[in-house]
Amino acid sequence: MRCVGERQWSSKPGREHITFLIHANLCCWLVATFCKSRAQFRPVHLNLFGVWPWTVLTHASIPLTIFLHFHSSICLFEVWKNTYKFRPD
């Protein structure tokens with residue numbers, strides 16, 4: 001969908017929702033990048049799986065979560081940019 005007409009272009013419906021999703025994904029990306037990179041972050045899982053399996057699982061899944069949140073933030077930014085660009089007919 002794109003903005004059609006002057007009225008939608010000036011009111012920009014849904015823009016605040018996309019902006020919130022961009023910020024939420026960027027915050028999740030920052031948390032996954034800097035805070036959750038250690039296996040000791042979740043001691044219950046560490047005790048359940050054991051030290052080595054949980055460390056391997058954590059180190060294998062962290063790059064995927066970082067990629068997921070960063071890629072979705074970029075895609076949402078492209079939606080935000082292209083949806084609210086005024087294109088006269």
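1. Salt bridge. A search of the whole structure finds one salt bridge (a side-chain nitrogen of Lys or Arg within 4 Å of a carboxyl oxygen of Asp or Glu). Its partners are Glu 78 and Lys 81, whose side chains meet at 3.6 Å, N to O. Side chains of opposite charge can pair when their charged atoms come close. Glu 78 and Lys 81 are three residues apart in helix 4, so about one helical turn separates them. Glu 78 is partly exposed, with a relative accessible area of 34%, and Lys 81 is partly exposed at 35%. Here buried means under 20% relative accessible area, exposed over 50%, and partly exposed in between (1.4 Å probe, protein chains only).

2. Basis of the note. The model is predicted: local features need pLDDT of at least 70 and side-chain atom pairs count only at pLDDT 80 or more, while totals for chains, interfaces and linings use all residues. Residues are numbered from 1 along each chain as its sequence is written, and side-chain values use heavy atoms, with hydrogens and water left out.

3. Overall architecture. The chain holds four helices and zero strands, and from the N terminus on its elements run α-α-α-α. Helices (H or I, at least four residues) and strands (E, at least two) are DSSP runs, numbered from the N terminus. Of the 89 residues of the chain, 18% count as buried.

4. Annotated span. UniProt, in an unreviewed entry, lists residues 51-77 as "transmembrane region"; such annotations may be inferred rather than shown by experiment, and the positions are given in the numbering used here. In the model this span is 100% helix and 0% strand, and its end C-alpha atoms lie 39 Å apart.

5. Ile 62 is in helix 4, which covers residues 51-83, and counts as buried at 16% relative accessibility. The C-alpha atom of Ile 62 is separated by 7.7 Å from that of Thr 33, 29 residues apart along the chain. Thr 58 is also placed in helix 4 and is buried, with a relative accessible area of 7%. A polar atom of the Thr 58 side chain lies 2.7 Å from the backbone oxygen of Trp 54.

6. Aromatic pairs. The whole structure contains three aromatic pairs. Rings of Phe, Tyr and Trp (its six-membered ring) pair if their centres lie within 6.5 Å; planes under 30 degrees apart count as stacked, over 60 as edge-to-face and the rest as tilted. One of the pairs joins Phe 49 and Trp 54, with centres 5.5 Å apart and planes at 5 degrees, so this pair is stacked. Phe 49 is partly exposed at 42%, whereas Trp 54 is buried at 12%. Phe 77 and Trp 80 form a stacked pair, 6.0 Å centre to centre with 25 degrees between the planes. Because Phe 77 and Trp 80 are three residues apart in helix 4, about one helical turn separates them. Phe 77 is partly exposed at 37%, and Trp 80 is partly exposed at 24%.

7. Nonpolar surface patch. Leu 26, Phe 70 and Ile 74 form a nonpolar patch on the surface, with about 230 Å² of accessible area together. Patches are made of residues with over 30% relative accessible area and no salt bridge; like charges are joined within 9 Å and nonpolar side chains (Val, Leu, Ile, Met, Phe, Trp, Tyr) within 5 Å. Accessible areas come from the Shrake-Rupley method with a 1.4 Å probe; for residues, only the protein chains shown count as cover. Phe 70 lies in helix 4 and is partly exposed, with a relative accessible area of 39%.

Definitions and conventions. Polar contact = N/O pair within 3.5 Å; in protein donor to acceptor, adjacent residues only side chain to side chain.
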